[in-house]
Amino acid sequence: QVQLVESGGGLVQPGGSLRLSCAASGFAFSAYAMNWYRQAPGKERELVAGISSGGGSTTYADHVKGRFTVSRDNAADTVYLQMNSLKPEDTAVYYCTARVAGINFWGQGTQVTVSS
């Protein structure tokens, strides 16, 4: 079955960096676009970044443009989110997602906390 497992979250100081990973299995990873979402306490889940199946096209939410970079390794069935210049408002649980056969699949999420 489809599985998405995020890792790489943690506590980081403002201005710091983290790299999130999402290992996928159970579907033809290279054929599907992938997205990263996040949900902060008391807020709705929001789209952070997306990447096409081949990796040639990416999209970002306005508030992360220039700071976050989404990439993928189709040989390793893994998508990444490099986050630089982190701000306290980036604190959230980050999820990777894939829409396979009309169903939206989500990982369990990884907590990112930006605090001094």
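Predicted model: local features only at pLDDT ≥ 70, side-chain atom pairs only at ≥ 80, totals over all residues.
How many bridges join β1 to β3, and in which direction do the two strands run relative to each other? Five bridges join them, and β1 and β3 run antiparallel.

**The open sheet**

- Four strands make up an open sheet, and going across it they come in the order β1-β3-β8-β7, with antiparallel pairing.
- The strands β1 (3-7) and β7 stand at the edges of this sheet, and because each has a single partner strand, one side of each is left without a neighbour in the sheet.
- From one strand to the next, the twist averages 15°.

**The largest nonpolar core**

- The largest nonpolar core holds 30 residues, and the members that touch the most other members are Phe 27, Trp 36, Val 79, Leu 81, Met 83 and Tyr 94.
- Two or more residues of this core come from each of the elements β3 (18-25), β4 (34-39), β5 (46-51), β7 (68-73), β8 (78-83), β9 (92-100) and β11 (110-114).
- Strand β9 gives the most to this core, with five residues.

**Two residues and their contacts**

- Tyr 94, when its neighbours within four places in sequence are left aside, is in contact with a list of residues that includes Glu 6, Leu 20, Trp 36, Arg 38, Val 48, Phe 68, Leu 81, Met 83 and Val 112.
- Val 48 is found in strand β5, and with a relative accessible area of 1% Val 48 is buried, because the cut-off for that label is under 20%.
- Again leaving aside neighbours within four places in sequence, the contacts of Val 48 are Trp 36, Tyr 37, Arg 38, Thr 59, Tyr 60, Ala 61, Val 64, Phe 68, Leu 81 and Tyr 94.
- Among these contacts is Phe 68, which stands 20 residues from Val 48 in sequence, while the C-alpha atoms of Val 48 and Phe 68 are 8.7 Å apart in space.

**Salt bridges**

- The structure holds four salt bridges, and several of them can be described through the residues that they share.
- Arg 38 meets Glu 46 in a salt bridge between their side chains, with a distance of 2.6 Å from N to O.
- In this pair Arg 38 counts as buried at 5% relative accessibility, whereas Glu 46 is partly exposed, with a relative accessible area of 28%.
- Arg 38 also forms a salt bridge with Asp 90, in which the closest N and O atoms are 2.9 Å apart.
- This second pair links distant parts of the chain, with Asp 90 in the loop between β8 and β9 and Arg 38 in strand β4, 52 residues apart.
- Asp 90 counts as buried at 1% relative accessibility, and the side chain of Asp 90 meets that of Arg 67 in a further salt bridge (2.7 Å, N to O).
- Because Asp 90 lies in the loop between β8 and β9 and Arg 67 in the loop between β6 (58-60) and β7, the pair ties together parts that are 23 residues apart in sequence.
- Arg 67 counts as buried too, at 11% relative accessibility.
- Through salt bridges that share partners, Arg 38, Glu 46, Arg 67 and Asp 90 are joined into one network.

**The disulfide**

- The count of disulfides comes to one, and this disulfide joins Cys 22 to Cys 96, with an S to S distance of 1.8 Å.
- Cys 22 lies in strand β3 and Cys 96 in strand β9, so that the pair, 74 residues apart, links distant parts of the chain.
- The link of Cys 22 and Cys 96 is right-handed, with 45° about the S-S bond.
- Cys 22 is buried, with a relative accessible area of 0%, and Cys 96 also counts as buried, at 0% relative accessibility.

Definitions and conventions
Residues numbered from 1 in each chain as written. Heavy atoms only, no water. Core = buried A, V, L, I, M, F, W, Y, C linked by side-chain atoms within 4.5 Å. Buried < 20%, exposed > 50% of the residue type's maximum accessible area, 1.4 Å probe, protein only. Contact = heavy atoms within 4.5 Å. Disulfide = S-S within 2.5 Å. Pairing = 2+ DSSP bridges. Axes fitted to C-alpha atoms, helices over the stretch in contact; angles between N-to-C directions.
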